[in-house]
Amino acid sequence: MIDTNDTLGHIAATHPASTLVFLRHQLDFCCGGRQRMADACTGAGLDPAKIAEEIATEEATRSPERWDERPPAALIDFIVSHYHEGLRRDLPVLLQAAQKVERVHGQKASCPRGLASMLEQMLDELTQHMTKEEQMLFVAIRGGGRGNAVHMPIRVMMQEHDDHGESLRGIREIATGFVPPPEACATWRALYAGLEKLEAELMEHIHHENNVLFPRALNA
Ligand SMILES: [Fe+2]
Ligand SMILES: [Fe+2]
């Protein structure tokens, strides 16, 4: 049963099937995870009771891992092997596709000019961010660092997550909500489909850190 007065981040952590529903309705459960679900829905013109129903339907068909009930070290393994490796694999490919689209279709009004440089900057920032997590914060949490010992690095990582959220909004805007124009070639279409997937994965990634891993490290 979903309590619509609960925050998006806490619902996403305790009812993991909800993240698909939140993504579907563009409700920000990662950087905007502290918002109450009822407020977020009202703000977006959605009925909170309907969204709660959708989550229940989603939960009836699949039950993703409850990472909030697993040891932090297992969650770190999952974050690194799934999200970090996924970004290192996929983002350079999308950057190349964006460069090609801008090079070949730069004269068309619908061309997402500037997208490649945004992706290049994002790749740079995310690479540095993930290295800091893997080499410092995650090592500290694995070693039993809790509370004040990890408070500062967690604050810095969360600020950087806000910046990543801002970058995602900019990318979605320049890529016209990931809906390709009728004249888009196959690369252009694949680029927008890939970016939409990247957005969903990065939101889930940030959610697993902000709403599941970090609160456990801070409160343990
Ligand atoms: Fe991460
Ligand atoms: Fe992160």
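Does His15 count as buried or exposed, and at what relative accessibility? In this predicted model His15 counts as buried because its relative accessibility is 17%, where buried means under 20% relative accessible area, exposed over 50% and partly exposed in between, with a 1.4 Å probe and protein chains only. His15 sits in the loop between α1 (8-14) and α2 (18-24), helices being DSSP runs of H or I with at least four residues, numbered from the N terminus. Leaving aside residues up to four places away in sequence, His15 touches Met1, Ile2 and Glu59, contact meaning heavy atoms within 4.5 Å.

A word on conventions. Residues are numbered from 1 along each chain as its sequence is written, and side-chain values use heavy atoms, without hydrogens and water. Since the model is predicted, local features need pLDDT of at least 70 and side-chain atom pairs count only at pLDDT 80 or more, while totals for chains, interfaces and linings use all residues.

Now to the rings. The structure holds three aromatic pairs, a pair being rings of Phe, Tyr and Trp (its six-membered ring) whose centres lie within 6.5 Å, with planes under 30 degrees apart counted as stacked, over 60 as edge-to-face and the rest as tilted. Phe22 and Phe29 make a tilted pair, 6.0 Å centre to centre with 35 degrees between the planes, and both residues are buried. Trp67 and Phe78 are stacked, at 4.7 Å and 15 degrees; Trp67 is buried, with a relative accessible area of 11%, whereas Phe78 is partly exposed, at 21%. Ring pairs link Trp67, Phe78 and Tyr83 into a cluster.

Terms used: Chains lettered and ligands numbered in written order. Helix = DSSP H or I, 4+ residues; strand = E, 2+ residues; numbered from the N terminus.
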